[in-house]
Amino acid sequence: MARELVALWPPGYAWGRWSGAWCPAPGTLPTADLIVSETESPAHTPPDEPQQRRHFRALCLAALGVVYGDIGTSPIYALRESFQSAHGIAATPANTFGVLSLIFWSLIVVIGFKYLILVMGADNHGEGGIIALTALVMPRGSLAKARGARHVLVLLGLFGAALLYGDSMITPAISVLSAVEGLEVAVPSLTPWVLPLTVGILIGIFAFQRRGTGSIGAVFGPIMLLWFSTLAVLGIFHIARNPVVLTSANPLHAVRFFQENHGKGFLVLGSVFLVVTGGEALYADMGHFGKRPIRLTFMALVLPSLLLNYFGQGALIIARPEAVEHPFFSMVPEWAAFPLVALATAATVIASQAVISGAFSLTRQAVQLGYLPRMRVDHTSERHIGQIYMPAVNWALMLACIGLVLGFRTSGNLAAAYGVAVTTDMVFTTLLFAVVAYLRFKWKIGWVALLTAGLLVVDLAFWGANLPKIPHGGWFPLLVALAVFTIMTTWKRGRSILSDRLDARPLPVEDFLASIAGHPPPRVPGTAIFMTSTVDGAPMALLHNLKHNKVLHERVLVLTIEVADVPYMPDDERLTVTGLEMGFWRLVARYGFKESPDVPEILQRVDIPGYTYRPMADSFFLGEIAVLVSEKPAMVRWRSVLFERMTRNSLRASSYFNIPPDRVVGLGAQVEI
C-alpha cells in the first residue's frame, strides 16, 4: 500500500514505518506545527529507525495539541450539563453511575470504534474530513458532475460541511466561556468580569490568526500534555476516595438509567454527546499527522485521561452532590482554582485555534471545488501549505462568537445550542462511509447494512436527544448551515449557468487558428498568457483582444487551471503543455482541492523552446464578466440576485492566482442569467 501511494503524495515526504504516516524525508527536520505540505525535493534514502521514532513522538505530541483540543476540553462542562435542572435528573449515586456509563461507552463506540477504526480508514489520498469523504463517493474527477443518487450524496456532504461552520462558531464561544466561568467558583465576586474577559480572549484569538500558528504551535502539544495529565491526576485523586465509581464502566448501569428515567434519561444523551463533539476533528486532521499517531495518542493518553477525570467528577458528585453545579472546578482546593482556570483557558484557546484553522481549510476546499466564490488566502508559513489565513472567514467567525457569548451569556445556555449540528454531521458521515465501504472497499452489502444500522442507532439516538435543543438555541447552527448551504449551491448553480451561456457556441481553437492563418494579424514581441476555464474553445479574452486591438503577441499561452477531487495533485501530473501552431501553446495546470493555484509558479515550470517566464515582461489577459439579472432569470430571482452580488464581490482572479497586478489586462463582457 505504501508503495502504491508514493506517486500520489507531495514530494518531500516518505512513508514512516513507525508513524504509519507520510513523514518529512531525510534532510527535513520535524517542526512544531507539523502540517503536511509540499516542500523541497529531498534525498531518497530511507530515514533510520531512531529518526523515525523521534519524528513519531513529535507527531504524537503535535497531534495532541491540534487534534484533541475540542474533545479534551469537554470535561469542563459535559458532566455538569448532564445534571442540569432542565433534565430533571437528580445527582443520585445511581444516576451518576448511569451517566458515567453512557459517557464511557460513548467515547469507546463513537470515537474509538466509529472514527478511529472505521471512518479513518476511508482516507482520500491520506486526507480526511467530510469533503474528502464526499469526493470518495465519486469516481475521480466527477464530483462536480454527479447525477442521481450520487448527486444527493454530494448534497449531503455539502450540507455536512456547512454544518461545521456552526460548530466553528459555537466551539470557541462555549470553550472559552466555560473556562473563564471557573472564576465564579474561585472568587464569586469576579462573576461580572466573566463576559468581558471571555470577549477579550476571543478578540485576541482571532486577532492573532493573521500571524499564523507557527509561532505558538511549539507550545500547543506541551500545554495539552500538561492539560491531559492534570485531568488524569485530578481524576485519580477523587477516584481513590470512592473507587466504586469505576464500576460505571458496566453497561448495565446505562440500561438501568434508561429504565428508571425513561424520557428524561433519553434527553440526557443530548448532554452526554458533548463528550464526543471532537470526533469530526480526528478525521479532518488525519492528513496532518497520519492515522497511527492519532490512534496511539488517543488510546495511550487521551482516552485514559478523559475517563479518569469523568469518573473523578462522578466520585466527587457522589460524595458532595452540591458540587454538581461546577464539578470540574470543584475538584481542586481554593488555592489551586486560579491555576486550573488559567490552564483551562489555555486549553480552550488551543481548542478554538484548531477549529478556526479547520474553518479556513474547509473554506479553501469549497472555493477550489467551485462551491464558494474566490476569497483572499494568505499563507502564514513559507514551508507548510496547511497554514493559511482567510480574513473574511476569520472576522465573520469572531463576530459570530462574540454575538453568541453576549446573547447566551453562560456556557450552560450555549450548551443548549451545541450538538444539533454535530450530530447531524455524524449521521451524514455514517451514510457516506457506508457508500464508500461498499463502492471503494468492496465490502459485502450485508455487512455494510448491518454495520451502518448499528452506527445509525447510536447516531440517531444522539441526534434525537439533541432535537429538543432547537427551540433553545439549536436553531442557530442549523440556520448558519442552511445559509452556507444556500450560498454554496447558488454559487455552483450560477457558475454552471454562466459557463453554459459563455460556452453556448465556443469557437474551436482549430477554427480560430485557421482563421488567423488565412488573415494573419500583426504580431508584436513578447508573450501573452490568456486564462480560460475551458480546454475546448478559444478564450473569450483572446477573441476580444484580437477584435479590439487587432494584434497578437509572437507567443501566446492559453492557460487552464483545473481542480481535481483529490487533496493533492502528484507533481508529475501537475502540468501538461501542448504545442499548437503559429506560436500558440495550450497549458493545463491541475491542483488538488487542498492546494492554492499559483500561476507564476506554474509558468516557471513551463518547458517551451525559447521561453522563460519574465514577471515584468509577460502580459496576462483575463476575461472580466459582469453578471446581470435578466427579466426572466434562469434561477429564482432572489438566487440570481445573490449570485450577482457574490460575483461582484468575489476576489479578482489576478489576486487569487497570484498574478502580478501590473501585468494584467482585463477584457470585460456582460452576461445575463
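Two strands pair if DSSP finds at least two bridges between them. Strands are DSSP runs of E with at least two residues, helices are runs of H or I with at least four, and both are numbered from the N terminus. Keep both rules at hand for the first stop.

**Before you start**

This is a predicted model, where local features need pLDDT of at least 70, side-chain atom pairs count only at pLDDT 80 or more, and totals for chains, interfaces and linings use all residues. Residues are numbered from 1 along each chain as its sequence is written, and side-chain values use heavy atoms, with hydrogens and water left out.

**Stop 1: the β7-β8 hairpin**

Select β7 and strand β8 (residues 584-591). Five bridges join them, and they run antiparallel. Find Thr578; Arg586 in β8 stands opposite. Now go to the turn. Four residues lie between the two strands of this hairpin. Met582 sits in that loop between β7 and β8. Its phi is near 55°, a positive value in a residue other than glycine. Most residues other than glycine have a negative phi. The cut-offs are under 20% for buried, over 50% for exposed, and partly exposed in between (1.4 Å probe, protein chains only).

**Stop 2: the sheet**

Six strands form it, in the order β7-β8-β6-β5-β9-β10, with mixed pairing. β7 (575-579) and β10 (664-672) are at the edges; each has a single partner strand, so one side of each is left without a neighbour in the sheet. From one strand to the next, the twist averages 25°. Next, pick out β5 (residues 523-531) and β6 (residues 552-563). These two run parallel and are joined by seven bridges. Val524 has His553 of β6 as its bridge partner.

**Stop 3: Ser640**

Select helix α24 (residues 637-649), where Ser640 is found. Ser640 is buried, with a relative accessible area of 1%. What does Ser640 contact, leaving aside its neighbours within four places in sequence? Val629, Pro633, Met635 and Ile673. Contact here means heavy atoms within 4.5 Å. Ser640 and Glu672 are 32 residues apart in sequence and 9.9 Å apart in space, C-alpha to C-alpha.

**Stop 4: the nonpolar cores**

A nonpolar core is a set of buried Ala, Val, Leu, Ile, Met, Phe, Trp, Tyr and Cys residues joined through side-chain atoms within 4.5 Å. The largest core has 174 residues, and Tyr68, Leu107, Trp227 and Leu603 touch the most other members. Which helix gives the most to this core? Helix α7 (residues 148-180), with 17 residues. Zoom in on Trp227. Beyond its neighbours within four places in sequence, Trp227 is in contact with Gly72, Thr73, Ile76, Phe328, Leu343, Ala344 and Ala347. A second, separate core has 16 residues, including Val509, Leu552, Val556 and Phe584.

**Stop 5: two helix pairs**

Two packed helices are described by the angle between their axes and the distance between the axes. Axes are lines fitted to C-alpha atoms, for helices over the stretch in contact, and angles run from 0 to 180 degrees between N-to-C directions.

Select helix α18 (residues 420-439) and helix α19 (residues 445-466). Their axes come within 9 Å and cross at roughly 175°. That makes α18 roughly antiparallel to α19. Angles under 35 degrees count as roughly parallel, over 145 as roughly antiparallel, 65 to 115 as roughly perpendicular and the rest as oblique. Residues making the contact include Phe433 of α18 and Trp463 of α19. By class, they divide into 16 nonpolar, five polar and one charged. Nonpolar covers Ala, Val, Leu, Ile, Met, Phe, Trp, Tyr, Cys and Pro; charged covers Asp, Glu, Lys and Arg; the others, Gly among them, are polar.

Now switch to helix α5 (residues 93-118) and helix α11 (residues 251-272). Here the axes come within 9 Å and cross at roughly 75°. α5 and α11 are therefore roughly perpendicular to each other. Among the contact residues are Trp105 of α5 and Phe257 of α11. This contact has 13 nonpolar, six polar and one charged residues.

**Last stop: Arg409**

Select the loop between α16 (391-408) and α17 (411-415), where Arg409 lies. Phi of Arg409 is near 75°, a positive value in a residue other than glycine. Arg409 counts as partly exposed, at 48% relative accessibility.

Finally, zoom out to the whole chain. The secondary structure comes to 25 helices and 10 strands. Of the 673 residues, 56% count as buried.
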